[in-house]
Amino acid sequence: MNSKRPFYVTTSIAYVNGNPHVGFAMESIQADVLARWARKKNRPTYFLTGTDEHGSKLAKTAQEKNISPQSLCDQNSAEFQKLKESLALSYDDFIRTTDQKKHWPGVQAMWKILLENGDLEKRTYTAQYCTGCETFLTEKDLIDGMCPFHKRAPDTVSEENYFFKLSKYSPQILELLQSNILQIIPDFRKNEILKIAEEGLTDISFSRPSEKVSWGIPVPGDPSQTMYVWCDALVNYISALGYGKTPGEKKLFEKFWNTAEVVHVIGKDILRFHAGIWIGMLLSAGIKIPNKIFVHGFLTSEGEKMSKSLGNVVDPFGEVEKYGTDALRYFLLREVPVGRDADFSRQRFEEIYQSHLANGLGNLVSRVFTLCQRNFQEISFINFVPRDDFEEIRIKTEKIVSEKMEKFSLHEAVQELFSVVDFCDKRMDEEKPWISVKENPKKAQNLLYNLLYLLRWFSEELEPFLPITAEKMRSILGKQKETLGTLEMLFPRLEKL
């Protein structure tokens with residue numbers, strides 16, 4: 001991520017049948033960090049997120065609420081768009097699959113080229129369909145005859161649909177995965193999709209009869225069929241950039257798809273769709289494939305799967321309201337290892353908040369600011385040369401953080417960066433500037449200047465991870481070397497753990 005090549009990062013598009021949950025918040029934050037990091041490296045960057053707004057499940061929910069499907073989409077998509085401010089997301093565009101001007105032309109163009117290339121074929125068939133996933137499942141997808149995600153048996157469905165000839169591209173997809181031309185991060189997620197690809201990818205249903213699924217994009221030239229989720233939802237990554245439109249409207253597509261490093265950030269449950277179906281579609285259409293797919297695991301809540309029936313679904317808006325945006329960002333970035341499942345524990349969240357943020361970074365900034373303000377009439381960095389130990393920790397940390405970010409190991413990058421806080425605390429505890437400022441003012445001044453120097457650098461390095469805190473630190477410690485700002489509390493201590 002250190003080149004000047006354009007960088008394009010996307011989240012999956014969230015299904016709007018319900019409100020945002022903390023799992024999608026985590027995915028959005030991860031993508032945001034990658035986007036901010038690329039911008040920090042002066043790379044032209046584009047960050048896309050959005051909502052998936054079609055399907056029978058959504059239409060059924062709208063009917064139960066006695067509102068139109070479009071009204072339900074508008075209401076729920078608006079909730080997802082609120083995450084931008086709540087989570088301090090820096091995305092450049094928000095795509096909606098009901099957007100007939102922006103999204104539909106790209107989807108229709110993709111369908112037509114797949115059809116022209118002989119890769120769509122109408123067939124009558126019988127298969128197992130999970131209404132929860134809105135997906136047709138094969139026997140090998142099932143566990144004891146049940147959908148592994150919804151824990152219930154699928155319905156047997158017999159109908160005439162268009163099929164995409166994915167099997168035709170199975171050998172090529174396998175080769176792309178094996179050669180790492182299509183890189184799956186982390187490696188153990190790559191092994192999972194490799195196993196599926198080695199068994200051979202099968203043709204997949206690409207439409208449903210419009211009498212069964214009317215809420216969606218009609219198949220071009222065949223209104224008896226509605227496009228299924230694959231051609232509709234997956235194309236969002238390029239429709240948002242102008243694919244399917246006139247050359248003058250495709251400038252973003254040329255810059256951020258054809259010439260860019262393209263990274264999809266997704267959950268583990270949809271990896272096979274992105275590394276299989278999506279790649280097959282792109283190969284059929286003669287379009288460049290993405291470079292990397294960054295896969296995260298699932299979040300549980302207090303050790304249990306999140307579910308409305310258990311009442312343990314974590315609301316990201318509620319967490320932000322109580323603890324602050326950057327507290328939630330920090331917890332999800334630091335505590336969730338790349339690609340692994342993790343637990344959202346209230347006790348652990350508050351322990352991390354109190355020790356790392358309130359008593360850690362927040363307290364350190366307050367101590368350094370107060371000692372400088374009380375003991376020096378003015379700050380002057382003329383002829384200032386950083387101490388060797390401070391310069392060494394800066395160079396070492398910057399190098400390791402960059403290495404971790406290259407590997408998309410966000411949790412290790414955050415952990416390494418916060419080692420600077422521990423270093424500063426240790427130097428203060430060892431050298432006690434609140435005492436030496438009376439006995440040896442020059443010695444105290446030298447230490448405090450070095451602390452200011454390192455913390456100002458830290459605030460710049462922190463920006464991709466905790467952008468609000470980084471800006472507050474710059475305001476407190478001074479954006480110019482010779483001035484201090486005004487002290488404010490970064491992370492108020494919690495009254496009770």
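Residues are numbered from 1 along each chain as its sequence is written. Because the model is predicted, local features need pLDDT of at least 70 and side-chain atom pairs count only at pLDDT 80 or more, while totals for chains, interfaces and linings use all residues, and side-chain values use heavy atoms, with hydrogens and water left out.

**Stop 1: Lys-292**

Select Lys-292, which sits in strand 14 (residues 292-296); helices here are DSSP runs of H or I with at least four residues, strands are runs of E with at least two, and both are numbered from the N terminus. With a relative accessibility of 14%, Lys-292 counts as buried, where buried means under 20% relative accessible area, exposed over 50% and partly exposed in between, using a 1.4 Å probe and protein chains only. Its side chain makes a polar contact of 2.9 Å with the side chain of Glu-261; such a contact is a pair of N or O atoms within 3.5 Å, and within protein one must be able to donate a hydrogen and the other to accept it, with residues adjacent in sequence counting only if both atoms are side-chain atoms. Leaving aside neighbours within four places in sequence, the residues in contact with Lys-292 (heavy atoms within 4.5 Å) include Gln-183, Ile-185 and Phe-408.

**Stop 2: two of those contacts**

Phe-408 is buried, with a relative accessible area of 0%, and has a positive phi near 60° although it is a residue other than glycine. Then select Ile-185, whose peptide bond to Pro-186 is cis, with omega near 0°; Pro-186 lies in the loop between strand 8 (183-185) and helix 7.

**Stop 3: helix 7 and helix 11**

Show helix 7 (residues 187-199) together with helix 11 (residues 271-285), whose axes come within 10 Å and cross at roughly 55°. The axes are lines fitted to C-alpha atoms, for helices over the stretch in contact, and angles run from 0 to 180 degrees between N-to-C directions. At the meeting place, Arg-189, Ile-193 and Ile-196 of helix 7 touch Leu-271, Arg-272 and Ala-275 of helix 11.

**Stop 4**

Now colour the three strands that form an open sheet in the order 16-15-17, with mixed pairing; two strands pair if DSSP finds at least two bridges between them. Strand 16 (304-305) and strand 17 (342-344) stand at the edges with a single partner strand each, so one side of each is left without a neighbour in the sheet. Strand 15 (residues 299-301) runs parallel to strand 17 and is joined to it by three bridges, and Ser-301 stands opposite Phe-344. Helix 13 (residues 325-335) packs on this sheet, touching strand 15 and strand 17, and its direction makes about 155° with that of strand 17. Ten of the eleven residues of helix 13 are buried, so the helix is largely enclosed by the rest of the structure; among them are Tyr-330 and Phe-331.

**Stop 5**

Finish at Glu-302, in the loop between strand 15 and strand 16, which is partly exposed at 47% relative accessible area and has a positive phi of about 55° although it is not a glycine. Gln-347, in helix 14 (residues 346-375), counts as exposed at 57% relative accessibility. Glu-302 and Gln-347 are 45 residues apart in sequence and 9.0 Å apart in space, C-alpha to C-alpha.
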